[in-house]
Amino acid sequence: MSIIKSAFRVLRFGSAKNQLFSLESKTCRAFSVCNKLRQDASDANASKINFYVDENKEKGYAILKLNKGPVNSLNLEFLTELNIQLEKFEESKEIKGVILTSSIPNIFSAGLDIMEMYQIKQDRGSQFWTALQETWIKLYGSNKIYIAAINGHSPAGGCLLSISCDYRIMSKGPYKIGLNETLLGIKAPFWFRDTMINTIGYRETEKALQLGKLYSSEEALAVNLVDELADSKDLITKAEEQMSKWCAIPTVARELTKSSMRRDTLSKLIAQREADTQSFIEFTQRDSIQKSLRMYLESLKKPKKSSA
Ligand SMILES: CCCC/C=C\CC(=O)SCCNC(=O)CCNC(=O)[C@H](O)C(C)(C)COP(=O)(O)OP(=O)(O)OC[C@H]1O[C@@H](n2cnc3c(N)ncnc32)[C@H](O)[C@@H]1OP(=O)(O)O
């Protein structure tokens, strides 16, 4: 029962924080870029601002800032909104690349919303997993240049978003990134694993996935999980510098090279999406997995110790 109450608290707190972050972002944004776009107000969730897009058509790229408080956890609605936006980027003739970051201080994304897996129901679970697959296919399979400006913690699904980009810059600081699924008692799906292998190699992935390793920013740099570190205040500038460099490469040659590198990994999931969804539902519905998720949720709710 307390878990259900906590779930509602997460949702309520999320909505209040969203409004705060919305106000904060309205006043604090210091980007010189133009054409700020808000999400279409066409669906019921659109009144909550879950991300911002700043487009700079002159320079040819956009900045997408995740803004779903408190921790940018990925639930069905958020993933659906993101997928619509990713599609818009893909179709844009003006936008060559996107910097993916977060407007929430110290948090890039806490990964999948655990409440989507706890006490999972077949219908919602299928929609959720299909939306997540879609996000990965759109991001990893994009023709555009994606640069992750990782401004804070980026565990599990947050790490997947990062490693689906073409280049990663992470803020220096006490932040963690990695695929820590085993710590929740679950196995990382094969496409998470394969994306990780393509980023840091087989042996490092084998260790990292079994241990559920969360890397510090320095450790992440040492194993090429991220490409560069930056002081927090310089993160976006560095990402923009890198974006200019990538934008200067002849587009068709770069796109063909990217797709030739990623095609096999993508095809593996595309060929078995329904089976993968069914396997997610069956796996997550197991009593042992539900027990692990409940314990993990409880550990997240425990009062935090003063220092790590
Ligand atoms: C077969 C299935 C495969 C599944 C594949 C992928 C799995 C995943 O992606 S599972 C998600 C894994 N994520 C994590 O393990 C991260 C968990 N969160 C954290 O470690 C911390 O919250 C974080 C370091 C990100 C931020 O720390 P703080 O700034 O100290 O915030 P809090 O811990 O106080 O969190 C605030 C609030 O948010 C709730 N929360 C955190 N993460 C999640 C999440 N992933 N899903 C849902 N809710 C989350 C947390 O419980 C707090 O709630 P309240 O106590 O009610 O405020």
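Author: What follows is a set of questions and answers on this predicted model.

Reader: What makes helix 5 oblique to helix 6?

Author: Helix 5 (residues 190–200) and helix 6 (residues 202–211) pack at an angle of about 130°, and their axes lie 7 Å apart. Angles of 65 to 115 degrees count as roughly perpendicular and those over 145 as roughly antiparallel, so helix 5 is called oblique to helix 6.

Reader: Which residues make that contact?

Author: Helix 5 brings Arg193, Met196, Ile197 and Ile200, while helix 6 brings Tyr202, Glu204, Thr205, Ala208 and Leu209. By class, the contact has six nonpolar, one polar and two charged residues.

Reader: Which residues come nearest to the ligand, and which elements give two or more residues to the shell around the ligand?

Author: Of the 29 residues around the ligand, Ala110, Gly111, Leu112, Ala156 and Gly157 come nearest. Two or more residues of the shell come from each of helix 1 (2–28), strand 7 (152–155), helix 10 (273–285) and helix 11 (287–301), and helix 1 gives the most, with four residues. By class, the shell holds 17 nonpolar, seven polar and five charged residues.

Reader: How do you know how confident the predictor is in the chain and in the complex?

Author: The protein chain has an average pLDDT of 86, on a scale from 0 to 100, and 82% of the residues score at least 70. Over residues 1–47, however, pLDDT stays under 50. For the complex, the predictor gives an ipTM of 0.98 and a pTM of 0.86.

How values were computed
Residues are numbered from 1 along each chain as its sequence is written. This is a predicted model: local features need pLDDT of at least 70, side-chain atom pairs count only at pLDDT 80 or more; totals for chains, interfaces and linings use all residues. A residue is near a molecule or strand if its C-beta atom, placed from the backbone, lies within 6 Å of it. Ala, Val, Leu, Ile, Met, Phe, Trp, Tyr, Cys and Pro count as nonpolar, Asp, Glu, Lys and Arg as charged, and the others, Gly among them, as polar. Axes are lines fitted to C-alpha atoms, for helices over the stretch in contact, and angles run from 0 to 180 degrees between N-to-C directions. Angles under 35 degrees count as roughly parallel, over 145 as roughly antiparallel, 65 to 115 as roughly perpendicular and the rest as oblique. Two residues are in contact if their C-beta atoms, placed from the backbone, lie within 7 Å.
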